[in-house]
Amino acid sequence: MKTIHYLYIVSIFAAITVNAHAQDITLHGFVQGNMSARITGKETPDSGEGGDFLSGEQRFRGEITGNSESAAFTLKTDFVHDSVSDEDRIDIREGYIDYRADSYDLRAGRQIITWGAGDLLFINDTYPKNYSALFSGQPLEYLKVGSDAVKLSVYSDMLSADLVIIPFFEPYKLPDEKRFFLYSPMTITGSKTPREEIENSEIALRLYRQLGRFDTSIYLYRGFFKIPGIRPLSLTEAELFYPQLAVYGFSMQGAFADGVLSIEGGYYDSLDDRNGDDPTISNSSARYILGYSKQLWTDFTAGVQYYGEYMQDYNRYEGSLPSGFPKSDQHHQLITVRLTQMLKYNTLRLSLFSFFSPDDEDYFIIPEARYNITDSLWISTGINIFGGKKSETFFGQLDKNDNMFATLRYEF
């Protein structure tokens with residue numbers, strides 16, 4: 001990974017040299033402090049990172065962009081000190097070069113790609129995400145992670161398209177047991193990711209156009225599950241692995257009844273377990289999101305979403321599940337609510353986002369306040385609240401990790 005980072009830096013500086021005649025070069029960035037502390041009084045057993053703090057970071061962001069007639073470049077790099085682990089690292093958030101023609105764009109390099117119509121719910125957006133950042137109260141932008149990719153965008157009056165090729169697999173970053181209380185029926189001793197070979201490249205295609213009032217898209221994806229399966233190595237030990245996956249989906253989003261209606265669906269084709277009888281691999285499933293948001297009064301917006309996931313070949317899944325392992329429901333559901341109130345000439349934002357699963361009976365609630373002290377300086381604070389009746393469900397396992405977080409950022 002370090003090699004890739006160095007290549008990015010060299011490439012971008014080469015781009016700067018090549019574009020010495022660029023018409024517009026800009027420099028931006030920020031300095032940020034962020035921390036979150038567990039408020040349940042519990043401490044994980046890890047001696048190095050097992051204290052009260054889930055996050056304690058100081059970041060310096062340097063961002064440079066340049067444009068010429070047909071080309072552009074962007075480099076966003078975070079220099080980070082992690083006070084919890086007492087380590088320093090360089091995080092290249094994005095670093096890419098654009099080439100623009102009349103009917104197409106080509107972008108190559110590390111880039112953040114967002115598809116789909118969901119709000120913190122994802123079906124056709126199969127790009128990397130960092131749930132550890134979300135659960136420890138880092139700014140929401142850190143939920144998304146850049147992909148090392150090539151993206152070709154083609155435009156026409158009839159239909160437009162994005163083709164994305166990702167040569168290097170990157171899984172979701174999930175909470176680490178060093179800092180979080182998590183449920184695991186076995187001890188995880190390692191992780192086996194897909195080899196870096198051409199045939200393991202991820203390929204995604206989006207076809208889109210406006211249909212009436214709705215932005216409409218069709219999606220195709222071939223790659224791997226980003227949430228790992230667990231393969232037993234013995235009675236007590238297991239390793240993580242990433243089975244092959246194809247996704248076929250669609251989304252529609254547009255104005256409806258004085259608000260915004262969002263509809264998204266997709267079929268997850270579990271290529272390594274189409275019979276549904278391997279309990280270590282997720283079965284194929286149909287997934288859908290129905291969402292609606294509306295401004296109810298001045299500067300107050302409310303949004304609600306209903307998410308469903310229907311497992312195929314459920315009888316085979318039940319029959320193959322080892323004794324003692326927790327069983328998933330055939331139909332998994334989530335309901336989310338987002339409330340946002342702007343105050344003081346839009347300098348103060350009060351918000352609440354909540355997840356609730358009626359079948360798992362677990363929840364995740366995020367009340368947050370953000371205040372713009374000046375045009376360049378803002379502060380935010382909030383609480384992550386987890387809970388559930390069972391310790392093995394997605395949010396229920398995080399019950400002991402309720403935490404309070406705060407961020408202070410100066411932008412320039």
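View 1. Y131 and F135 form a tilted pair, at 6.1 Å centre to centre and 45° between the planes. The two residues sit four apart in helix α2 (residues 131-135), so about one helical turn separates them. Helices (H or I, at least four residues) and strands (E, at least two) are DSSP runs, numbered from the N terminus. This is a predicted model: local features need pLDDT of at least 70, side-chain atom pairs count only at pLDDT 80 or more, and totals for chains, interfaces and linings use all residues. Residues are numbered from 1 along each chain as its sequence is written, and side-chain values use heavy atoms, with hydrogens and water left out.

View 2. Y131 is buried at 13% relative accessibility, and F135 is buried at 3%. Buried means under 20% relative accessible area, exposed over 50%, partly exposed in between (1.4 Å probe, protein chains only). The rings of F135 and F364 have centres 5.3 Å apart and planes at 85°, so this pair is edge-to-face. The pair links distant parts of the chain: F135 lies in helix α2 and F364 in strand β19 (residues 362-372), 229 residues apart.

**View 3. Surroundings of F364.** F364 is buried, with a relative accessible area of 0%. Leaving out residues up to four places away in sequence, F364 touches L134, F135, F353, S354, F355, N384, I385, F386 and F395. Contact means heavy atoms within 4.5 Å. Ring pairs join F364 into a cluster with Y131, F135, Y172, F353, F355, F386, F394 and F395.

**View 4. The largest nonpolar core.** A nonpolar core is a set of buried Ala, Val, Leu, Ile, Met, Phe, Trp, Tyr and Cys residues joined through side-chain atoms within 4.5 Å. The largest one has 35 residues; W115, Y127, Y131, F135, V164, F355 and F364 touch the most other members. Helix α2 supplies the largest share, three residues.

**View 5. Arginines over rings.** R231 lies over the face of F241, at 3.9 Å from the ring centre. R409 lies over the face of F30, at 3.8 Å. A charge sits over a ring if NZ of Lys or CZ of Arg is within 6 Å of the ring centre and within 35 degrees of the ring normal.

Notes: Phe/Tyr/Trp six-rings, centres within 6.5 Å; stacked < 30°, edge-to-face > 60°.
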